[in-house]
Amino acid sequence: MFVRELHLRDYRSWPSVDVTLAPEPTIFTGRNGFGKTNLLEALFYVATLRSHRVSSDGPLVRSGAASASVGATVENAGRELSVSLQIAAEGSNKAWLNGSACRRPREILGVLRAVLFAPEDLLLIRGDPGDRRRFIDELVAQRGPRWAAARSDYDRVLRQRSALLKTAGAALRRGGSDADSVISTLDVWDAQLADLGGQVMAARIEVLRDLEPHFVESYSSIAPHSRPAALGYRASGGPEMVPSRDADPDPHTIASQLLETLTQTRSKEIERGVSLVGPHRDDIDIVLGSETAKGFASHGESWSLALALRLGSVELVRSEGVEPVIMLDDVFAELDAARRRKLVEFTKGAEQLLITAAVAEDIPDDVGGRRIGVDVVDDPDGTRHSQLMSDTPESIES
């Protein structure tokens, strides 16, 4: 699989850019803040419908514009698909597949499978649970639209249920028929939340179990003398909600357990006005030896674990019969010599490798391919925009 064309309009620092790519390494170089990462981010958005840097779409739209557009042509095993996305600064996004409008943007999921390595990956080990949930949800989303639909619907129901919880306390204090109506409505939302939550958790657990052997093997290769690594799913409703390793994650069973837990925690949720249980509060345990890596792993171990998660993700996609596009966002500057060598060795087999670097010398000598410089231009109104330089080695600024 490789991206043959990328077209951006009003996307972050790019008012307009058209890039033709090939199944080979392509290295974008330029100073920090020049817009290199925005190119990879746009492609990752096509693959996952979310940015790896921000949680909302507003920052993706160039200042002063109402929307941004991202277009990509992806070739996979001789089959060509073209995707177009309109990302709104406010409101709903739109998507087209081969020129035909999609009912929902998530219908394009699966067209592009990509794995992105970035400096932010250290947060997968040291950051908050939300960083790890984002990671696993990205893997789930790339398996296709139906996997992403449950999470999108869950988020919608969660917002509505949380809003109801905020008013439930006052209604109960007032008593009467108003309180009975609120409780009856909450029962309905509990059932929906449990049903969708069971689907989200089952999909996450399945992906995590598929990923774990690839992660373990990658980590042992990167850090052969370190303690063994493992992955686990931590449910906010308790360990009994996670099926044993010899049992398949069944969404209906998980939903029943989640509904029971919601019933047990209802009074506490009403008191606090928030939903306390569900996949929005779950976590991924990254274990090193007998301890959770967060808070215990050294800086070097943390980077090795983060790198192993991404390398394992590549192998997971490969095991599903797809060669993903591999994107490296200025990661060589973050890695020591040994980890750089391991990453270069691993990515040699990639059909398409896209790299950004602020300093050209950070790229190991044995990484070949095409090199493109990225520069910025000052606009008359005092703003700046990115532009590509000619793609010859002599034109690249280091």
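Let's start with a word you'll need: two residues are in contact when they have heavy atoms within 4.5 Å of each other. What you have open is a predicted model, where local features need pLDDT of at least 70, side-chain atom pairs count only at pLDDT 80 or more, and totals for chains, interfaces and linings use all residues. Residues are numbered from 1 along each chain as its sequence is written, and side-chain values use heavy atoms, with hydrogens and water left out.

**Stop 1: the two domains**

Colour 1-113 plus 322-397 as domain 1, and 129-319 as domain 2; these bounds come from an automatic or database domain assignment. Their C-alpha centres are 29 Å apart. Where they meet, 25 residues of domain 1 are in contact with 24 residues of domain 2. Together the two domains bury about 2,200 Å², 60% of it on carbon and sulfur atoms. (Buried area is the accessible area, taken with a 1.4 Å probe, that two parts lose on being put together, summed over both.)

Now show the side chains of E323 and R318: they form a salt bridge, 3.0 Å from N to O. The term asks for a side-chain nitrogen of Lys or Arg within 4 Å of a carboxyl oxygen of Asp or Glu. The count between the two domains is one.

**Stop 2: the annotated loop**

Select G30, R31, N32, G33, F34, G35, K36 and T37, which an unreviewed UniProt entry annotates as "binding site". Such annotations may be inferred rather than shown by experiment. Zoom in on G33, in the loop between strand 3 (25-29) and helix 1. Helices (H or I, at least four residues) and strands (E, at least two) are DSSP runs, numbered from the N terminus.

Is G33 buried or exposed? G33 counts as exposed because its relative accessibility is 71%, while G35 is buried at 7%. The cut-offs are under 20% for buried and over 50% for exposed, with partly exposed in between (1.4 Å probe, protein chains only). Leaving aside neighbours within four places in sequence, G35 is in contact with S13, W14, V374 and S386.

**Stop 3: helix 1 and what follows**

Next, select 36-48, helix 1. Here 13 of its 13 residues are buried. Just after the helix, click L49, with a positive phi of about 60 degrees. Most residues other than glycine have a negative phi.

**Stop 4: D330**

Finish in the loop between strand 12 (325-329) and helix 9 (337-347), where you'll find D330. Phi is positive at D330 too, near 55 degrees, and this residue is buried, at 17% relative accessibility.
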